[in-house]
Amino acid sequence: MSKVVLKTENLGISFGGLKAVQNLNIEIKERQLYGLVGPNGAGKTTVFNMITGVYKPTTGRFWLDGEDLTGKGQETINHKGIARTFQNIRLFNNMTVIRNVMVGLHNQPEFKCGVFTSIFRLPKHFKTERAMRDRAKEILDIVGLLDERNNLSCNLPYGKQRKLEIARALATNPKLLCLDEPAAGMNPHETEDLMKIVRRIRDEYNITILLIEHDMKFVSGLCDEITVLNFGTSLVQGPPEVALSDPEVIKAYIGG
Amino acid sequence: MNKFNSVKWNHYLNYIVVAAVTVIFAILSLTGFIDSSDKYLLEKIAIAITLAVSLSMVVGFLGELSLGHAGFMCIGAYLGGKTAVILEPMLGEWPALIVSLLVGGAVAAIFGMIIGLPALRLRGDYLAIVTLAFGEIVRSIFMNSSKESFGGSLGLDTPRFNKDILFVVAFIMVLATLAVTQNLIRSKHGRAITAIRDNEIAARATGIDVTKYKLLVFTVSSFFAGIAGVLYSYSNFTVQSTKFSYNYSIEILVMVVLGGMGNINGAIIAAALITFLDVELQTILTGNLAVLQDLIYALILIVLVIYNNAPALKNFREKYNLKAFIRKFKPHNPSKHKDDEAKWDRVPTKIKMDEILSVDFQANSPYTPDKPEKEGK
Amino acid sequence: MEFIETLINGLSIGSTYAMIALGYTMVYGIAKMLNFAHGDVIMVGGYIIYVGLTVSGNPIISFLAAVLSCIILGITIEKVAYRPLRGASPLAVLITAIGVSYLLQSSAQMIFGSAPKMVTIADLGSISFSGLTIPVYVLVTLACSVVIMTALTLFVKYTRTGRAMIAVSEDKGAAQLMGINVNRIIMITFAIGSGLAAFAGLFMLMKSPSLSNTLGAMPGIKAFTAAVIGGIGSIPGAMLGGILMGVVEAISLKIPVIAPYTDAIEFLILIIILLVKPTGILGKKRREKV
């Protein structure tokens, strides 16, 4: 039995009187591809926002590798090893593609370089910059954006912007990578390509992946286990082929 | 040969130009070609450039609006001036100058860090108004100080310095400001700062320590504003609190905006040009006509900002701008771009001032029904 | 007795601030921008009153002329300077507003010179009442403010236009989809705000007759402070904040030790309020959607 990377216990949040998510219990094991699915407004992104520190959960706790991260800030949680992408793409629009990734590398211990080192242009500054650029190229190669590296990120087509978000998150060297609708707006060919990338990230870099997706083909083709959310509560958990054929889930999607 | 090519000449161009100008005028000054009013003008230009470059760090690169830059300068001018008054008889001219520059800068930097704290919670208009309030508080404190401490409403008399050399000192400070600002911006730290400007939430999610960098920018920027203040006190022999009203902060802001936000060379040129015109026009425009100049600045400011930012003019801008004009003669070849080709001179897309207030409203979403929002890009 | 006089004086200063703060708060709430030039509209109103008095000698006619000109000015500023920037970065809008403020100030100085003008509207005298001596203008200011604020509150609550304003302030896009002409609503907001600025100009000239091109600058910033303290976007908040500011100012001016620092104190209050409760006393907090 491999070890648990992310564990949540009774995780919940309410806005005013509205209970957006309640009593969420999930366990994501190492190197797992875990899916979070559910109809619109089910609270999937809210879960992401809680485990990445955008929102503070009102109830429950969550652990990364056994360390309690409940209520920590976004930066801290990122440093501890959870990286994410956004549903509505949030790139650094005025920067080139490679720079976006280099921002992701900012906190890696091997690229440590103090403010004064940079201001006085000590040799270490140049060395770090060069090393960061090389690493950024490697990461861009994984998602297939190496040739686009000198373009402004806002000029990329939609699908590539999503891939760049993945690359940037990957650059922070996460244990758990959270992808918020990575395939949204992609054509079938691009989706296929993305599936390969996601699998490669998991297999070659041993990163556990949690993803939100509406494309059921994508989910069932990729995920080992899924949780179906509806109205903020978890309906079913299990392997995709089992969970998606559950009558409760069909009812939630089709209504009735 | 290869190594020679890889040096980014455009990165060093402004140092070279500023240094060359300094040397030329120093020689002219030694040979007696320029008189004291010219030297005074040069001092003023150097002070203005220091202020504009340091403010451009906050406005252009961090993307926060500060209307309190004159307040930091005020702190530097009074405290540096006072230090000079005390130290000059004891230590002599040069040590007093150096120590007071450091003291003025350091104290201003401390206050910059303090005023950076609200910047962690507030942004946009709110932060602008807090910095403005801060500047006015500082001014009011110095204005009401006792005659013995800072001279109160009469102002503080500060030591004189050899006018042949002072402008050279001032320009050396410009070079220092440029070096620190540009080295900071063109490093991983600068990348983090611009990342915060472009998208703070994404920057946080990427693990950027937003607190640290906001405080850093405010501290460094106000350090140099403080230095400019000390130079001002030396240049004018007297420090009057009325000088540092928020109108002066706005004047500095005008320089930054006219130079193109986030464009350091532009800020230098705008600062030099405006200061030069200020002094030259003072003799031509007298009486009520003197404000004609302010009026023209105001008009230029409005027209320029609307031209550069109006969503309706977007296509027009892309078609007819200087870069496109140059590109006609020199075809654009993206493959020739180097990895580190700087794109620092771009104006921030949006400042998320609404984050605290209202946020469902997106700053960039068009309201005109004939222009539906494009998906994706 | 003296304390009560100070308090009443504070109320009158405060209601002037409230009048200006209403302009800020409505524009901020609806157009989501800080109209930096709002204070200078007051100044323009003051100069129109001055010109009106010199030409006609009739205070009422000159005041009505001032209200009308301010409204036209407000609409023009919105149309020429701010509307093209709708949807652009808030920083650009703010800088433009600063430019407009500069433009108005320097134009006024060009036309009328930098020496302050003396504007005596009408000497209303003062009344004594069981030991209290209160200048009549203070009472006039207070009465006018109460009437205007009540009218404004009713207008926003019960008229179609008023409700449309609330809708636009909540969500521009949705309001537009509901068939509300957003541009028109914003224009009306500017018109109302600028009209109120003319009132503020009148009150300020009744209080002290000296008129210069920076008449509105400082009170403008203080009134914005008041609007923030009350909670920006909230009409009752602007009134509350304005009156609070006025009372603080009146009391502070009465105490010799701190009187010179009055401005500093007011700004300090602003900074503290923004740090402790950035939404102000009556403001609402909203979240950004991630």
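Some conventions come before that. Residues are numbered from 1 along each chain as its sequence is written, chains are lettered from A and ligands numbered from 1 in the order in which they are written. Because the model is predicted, local features need pLDDT of at least 70 and side-chain atom pairs count only at pLDDT 80 or more, while totals for chains, interfaces and linings use all residues.

I start with chain A. Chain A is divided into domain 1, residues 1-81 + 174-256, and domain 2, residues 94-168; such bounds come from an automatic or database domain assignment. The C-alpha centres of domain 1 and domain 2 of chain A are 27 Å apart. How many residues of domain 1 of chain A are in contact with domain 2 of chain A? There are nine, and they meet seven residues of domain 2 of chain A. Contact here is a matter of C-beta atoms, placed from the backbone, lying within 7 Å. On the domain 1 side, helix H7 of chain A, residues 188-205, gives the most, with four residues. Helices are DSSP runs of H or I with at least four residues, strands are runs of E with at least two, and both are numbered from the N terminus. By class, that side of domain 1 of chain A has five nonpolar, two polar and two charged residues. Ala, Val, Leu, Ile, Met, Phe, Trp, Tyr, Cys and Pro count as nonpolar, Asp, Glu, Lys and Arg as charged, and the others, Gly among them, as polar.

Next, a strand in chain A. Five of the five residues of strand E8 of chain A, residues 176-180, are buried, so E8(A) is largely enclosed by the rest of the structure. A residue is buried if 20 or more other C-beta atoms lie within 10 Å of its own, exposed if 12 or fewer, and partly exposed in between, with C-beta atoms placed from the backbone. In a regular strand the side chains alternate between the two faces of the sheet. In E8(A), A:Leu176, A:Cys178 and A:Asp180 point one way, and A:Leu177 and A:Leu179 point the other way. Strand E7 of chain A, residues 82-84, pairs with E8(A) in the parallel sense over three bridges, and A:Ile82 stands opposite A:Leu176. Pairing requires that DSSP finds at least two bridges between the strands. E8(A) is also joined by five bridges to strand E9 of chain A, residues 208-212, again in parallel, with A:Cys178 opposite A:Leu210.

A:Met102 is in helix H3 of chain A, residues 97-104. Is A:Met102 buried or exposed? A:Met102 counts as buried because it has 26 C-beta neighbours inside 10 Å. A:Met102 touches A:Met132, A:Arg133, A:Ala136 and B:Arg191, leaving aside residues up to four places away in sequence. A:Val115, in helix H4 of chain A, residues 115-119, is partly exposed, with 16 other C-beta atoms within 10 Å. With the same exclusion of residues up to four places away in sequence, A:Val115 touches B:His189 and B:Leu216.

Chain B has 15 helices and two strands, and buried residues make up 51% of its 377 residues. Helix H12 of chain B, residues 264-284, has 21 residues that should span 30 Å at 1.5 Å a residue, and its end C-alpha atoms are 30 Å apart, which agrees. The expected span is 1.5 Å times one less than the number of residues. The buried residues of H12(B) pack against helix H2 (9-30), helix H3 (36-62), helix H7 (163-185) and helix H11 (246-258) of chain B. Among the buried residues of H12(B) are B:Ala267, B:Ile268, B:Ala270 and B:Ala271, and B:Ala52 touches these four.

Last, chain C. Helix H11 of chain C, residues 262-276, has buried residues including C:Phe267 and C:Leu270. What covers the buried residues of H11(C)? The cover includes helix H5 (93-121) and helix H6 (125-143) of chain B, together with helix H9 (217-230) and helix H10 (235-254) of chain C. Elsewhere in chain C, strand E2 (residues 126-129) and strand E3 (residues 132-135) run antiparallel and are joined by four bridges. The hairpin of E2(C) and E3(C) has two residues between the strands, and C:Ser130 there takes a positive phi near 40°.

Definitions and conventions: Contact = placed C-beta atoms within 7 Å.
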